[in-house]
Amino acid sequence: MTEHNSLLLRTLASRGYIHQTTDAAALDALATKQVVPGYIGFDPTAPSLHVGSLVQIMLLRRLQQSGHKPIVLMGGGTGKIGDPSFKDEARKLLGEDGIKANVASIRRIFERFLTFGDGPSDAVMVDNAEWLDALEYIPFLRDVGQHFSVNRMLSFDSVKLRLDREQSLSFLEFNYMILQAYDFLELSRRAGCRLQMGGSDQWGNIVNGIELSRRMDGTEVYGITTPLITTADGGKMGKTMSGAVWLHEDQLPHFDYWQFWRNTDDRDVGRFLRLFTDLPLDEIARLEALPGAEINEAKKVLANEATAMCRGTAAAAEAAETARRTFEEGSAGGVLPTFAVAGEIGVIDALIGIGFCASRGEARRLIQGGGARVAGEKVTSEAMTITVGDTPVAIAAGKKHHGLLIRG
């Protein structure tokens with residue numbers, strides 16, 4: 001591992017955030033001399049971000065913890081187009097009101113991870129609609145467009161993927177990378193921003209912004225990308241059979257969020273503790289080395305720490321206690337409803353028996369609508385049979401109703 005002088009790069013490298021950097025030595029030197037404002041862009045396509053965005057949120061948190069200034073860039077302008085990077089098809093376009101509502105909702109998430117204010121290293125949130133909405137087409141083409149090579153843009157993996165699959169890439173989407181590069185230029189001018197960070201799929205967009213800033217202003221700016229975070233079984237981080245793991249509690253209950261982390265694969269525990277908690281590295285090393293079934297204690301620590309950071313300490317404690325009383329004591333402990341099952345039961349009978357549905361028709365509609373889950377996974381068949389052994393089986397209807405099937 002390369003030795004870094006700055007706390008910023010030492011922290012990012014030791015915790016596993018760095019995939020690629022542009023001129024790491026120069027960025028390292030800059031970070032030892034001054035506060036470095038750095039940004040990551042988020043398109044407000046939904047009222048909440050999900051766990052798939054958490055590495056980027058944590059990257060901004062690490063930036064601030066290292067004494068530098070996080071800039072949260074909301075894509076109120078670019079969100080009207082949608083980032084085509086590695087997407088099979090165009091996103092649905094959002095209206096002005098929908099974008100504004102999503103931005104306001106998403107800000108609540110960042111306020112849990114970052115300290116906002118007017119200080120040198122306090123976080124700020126800005127919206128690129130502030131400058132993109134005011135652009136005039138011809139002056140923009142003349143002043144900015146001349147610095148982009150279409151040949152080069154076509155060579156980026158994010159574009160090649162769509163073209164190689166012979167899937168349509170509209171001119172609207174093709175403009176996205178130019179606008180993202182322009183964002184970096186504007187933030188450099190407006191806020192002294194010297195660093196853009198993002199996932200590995202953003203490398204081409206980040207390099208474009210660096211080159212544009214150099215050509216138009218002679219400013220040296222830098223980029224860092226994170227590795228694609230996949231689980232040990234090859235799955236995409238934050239994607240489960242039952243849907244996205246949302247960061248907002250009004251879209252995913254505290255217990256389900258806690259349980260997502262508790263269900264981490266043994267092989268991922270150490271890596272996820274480094275990425276998604278503030279625990280010291282020596283403590284993480286101790287936890288990930290726990291032998292055999294003791295690794296489950298590390299998973300509980302991960303679940304508690306990650307939930308407390310995103311949902312608050314009270315939510316984490318409540319979820320942990322619910323899990324302890326239900327799964328370790330084998331009873332609901334007055335928190336979750338239970339239904340005793342003698343061996344096997346059909347999912348429809350289980351939903352009725354535990355009181356989540358009043359009739360077989362209601363249970364069928366719940367399943368058809370994707371709202372029924374067993375053991376954390378979406379029920380896709382009305383004919384599903386559930387086997388209940390010594391360990392209680394979790395069952396849920398929608399986002400608010402959770403219970404346990406116990407052996408009886």
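I began with Tyr182, which counts as buried at 9% relative accessibility. The model I am reading is a predicted one.

Entry on Phe140 and Tyr182. I looked up Phe140 next and found it buried, with a relative accessible area of 9%. I then searched the whole structure for aromatic pairs and noted 8. In one of them, the ring centres of Phe140 and Tyr182 are 5.3 Å apart and the planes stand at 85°, so I logged the pair as edge-to-face. Phe140 belongs to helix 6 (residues 137–143) and Tyr182 to helix 10 (residues 176–191), so this pair ties together parts that are 42 residues apart in sequence.

Entry on Phe260. I placed Phe260 in helix 12 (residues 254–262). Its relative accessibility is 17%; the cut-off for buried is under 20%, so Phe260 counts as buried. I read 0% for Trp261, which is also buried. The rings of Phe260 and Trp261 have centres 5.0 Å apart and planes at 75°, so this pair is edge-to-face.

Entry on charges over rings. I found Arg311 over the face of Tyr257, at 4.6 Å from the ring centre. I also noted the charged end of Arg107 over the ring of Phe116, 4.6 Å from its centre.

I traced an open sheet of 5 strands in the order 9-15-14-11-12, with mixed pairing. Strand 9 (338–341) and strand 12 (377–378) are the edge strands, each pairing on one side only. Strand 11 (residues 372–374) pairs with strand 12 in the antiparallel sense over 2 bridges. I identified Lys378 in strand 12 as the bridge partner of Arg373.

Conventions
Residues numbered from 1 in each chain as written. Predicted model: local features only at pLDDT ≥ 70, side-chain atom pairs only at ≥ 80, totals over all residues. Heavy atoms only, no water. Helix = DSSP H or I, 4+ residues; strand = E, 2+ residues; numbered from the N terminus. Buried < 20%, exposed > 50% of the residue type's maximum accessible area, 1.4 Å probe, protein only. Pairing = 2+ DSSP bridges. Phe/Tyr/Trp six-rings, centres within 6.5 Å; stacked < 30°, edge-to-face > 60°. Lys NZ or Arg CZ within 6 Å of the ring centre and 35° of its normal.
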